[in-house]
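Hello,

Here is the structure I promised to pass on to you. Please have it open while you read, and my notes follow just below.

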Amino acid sequence: MNKKEISEIKKRFTKTKCSITRLCGCYVDAEKQKRLTLHEAFLGLPEEEMFKYIDLFRKTLSGSIGKTLLNMEFPTEQETSEEGTQRFLMKLLDSKLQDETLLEQFYDKVIETYHYPENYFIILVHDAYDIPKITTDGIENFDASEYVYDYILCSICPVKLTKPGLCYNAEKNHIQDRIRDWLVQPPELGFLFPAFNDRNTDIHSLLYYSKNSDELDLAVTEELLGCQMPLPAKSQKETFNAIVEEALGLECDYDVVKSIHENLNQMLEENKENPEPLALDKTDMSHLLQKSGVEQQQIETFESRFDETVGERESLMAANISSPRTFEVRTPDVKIQVNPERTDLVETRVIDGIPCLVIEINDAVEVNGIQVVSKSEPVE
């Protein structure tokens, strides 16, 4: 799913457009015991309660693709095997969350695979979206709708005890100890099944959400959902950096790395209006290195290591391995942050036999907030 497709589904979670038919949930305590299960007609809930649920659903579809939101495909065996995870989710979807036996099985699967040490709340909703056609000028035409997108959304939310404190009791006109209660927090993870790819149902894929983009839950993605877990955003950057360092060896100098950074940012800028995030496979990476002045032999080494560590047919998200907002030079004792648009101000030189970083400065230099005078300036 791309940004526009996610946004289209996310817009369903509003007061005027919400058409969720069914809300189911299971409250699990720290001992992995089911304390509560619920089955509700969503639109029959009190309005304020409904809106709080809607906020949780919107958060389950929030963040950046490739970081908090991950497109995942089911391996073939999960669709062909009777015990496959995709087959089970299809049964859950077809039941429209009306089959209590399937729901209990799903809750048991979550409890078995989700190793969260405290209380949490599993929320499942079902919706049927009558997909409108989009006219050439971008207007939704519901009268021309031909397909219905039938889906379930799962949100897994921590439930935490509110902090102790004092509060004002209006009835007694008195300041007193506040009663602590258990509050449902924003979701830690969730998923949308099936995926809404090309503005239609794709039963071979799902959209996975993880609040912490650097630590994906391996058990949930591979055991509960049956999908291969992609590299987390932080790991993608670390993996790319390690492959570059290994492939370039002694030629991994400041100028080459700066060139790679600048070329990556240029690619991100050119892709800015594209709803599809910029993903770079091995071929794209090779072109990037070639453009950045890397020798062919080193590029071949990079390709070999890419196959081994990332995968021959896999890709890395450009936004995960480079940021247009930061350019940092670090030594064990010094850290320099540079405006990414002015990397030309920093260069490497050998001065008196010592390798140095040279930074061009002007008359606006501050040290600990105090404006100082450059040595090149005449002192009056």
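Let's start with helix H5, residues 100–113: its 14 residues reach 20 Å from first C-alpha to last, close to the 20 Å expected at 1.5 Å a residue. That expected span is 1.5 Å times one less than the number of residues, and helices here are DSSP runs (H or I, at least four residues), numbered from the N terminus.

A word on the source: this is a predicted model, where local features need pLDDT of at least 70 and side-chain atom pairs count only at pLDDT 80 or more, while totals for chains, interfaces and linings use all residues. Residues are numbered from 1 along each chain as its sequence is written, and side-chain values use heavy atoms, leaving out hydrogens and water.

Back to H5: Asp 99 caps its N-terminal end, with a side-chain oxygen 3.0 Å from the backbone nitrogen of Thr 101.

Next, a helix pair. The axes of H7 (residues 233–248) and H10 (residues 296–309) come within 8 Å and cross at roughly 145°; axes are lines fitted to C-alpha atoms over the stretch in contact, with angles from 0 to 180 degrees between N-to-C directions.

Finally, Asn 265 sits in helix H8, residues 254–270. Asn 265 counts as buried because its relative accessibility is 12%.

Best wishes

Methods. Helices (H or I, at least four residues) and strands (E, at least two) are DSSP runs, numbered from the N terminus. A polar contact is a pair of N or O atoms within 3.5 Å; within protein, one must be able to donate a hydrogen and the other to accept it, and residues adjacent in sequence count only if both atoms are side-chain atoms. Buried means under 20% relative accessible area, exposed over 50%, partly exposed in between (1.4 Å probe, protein chains only).
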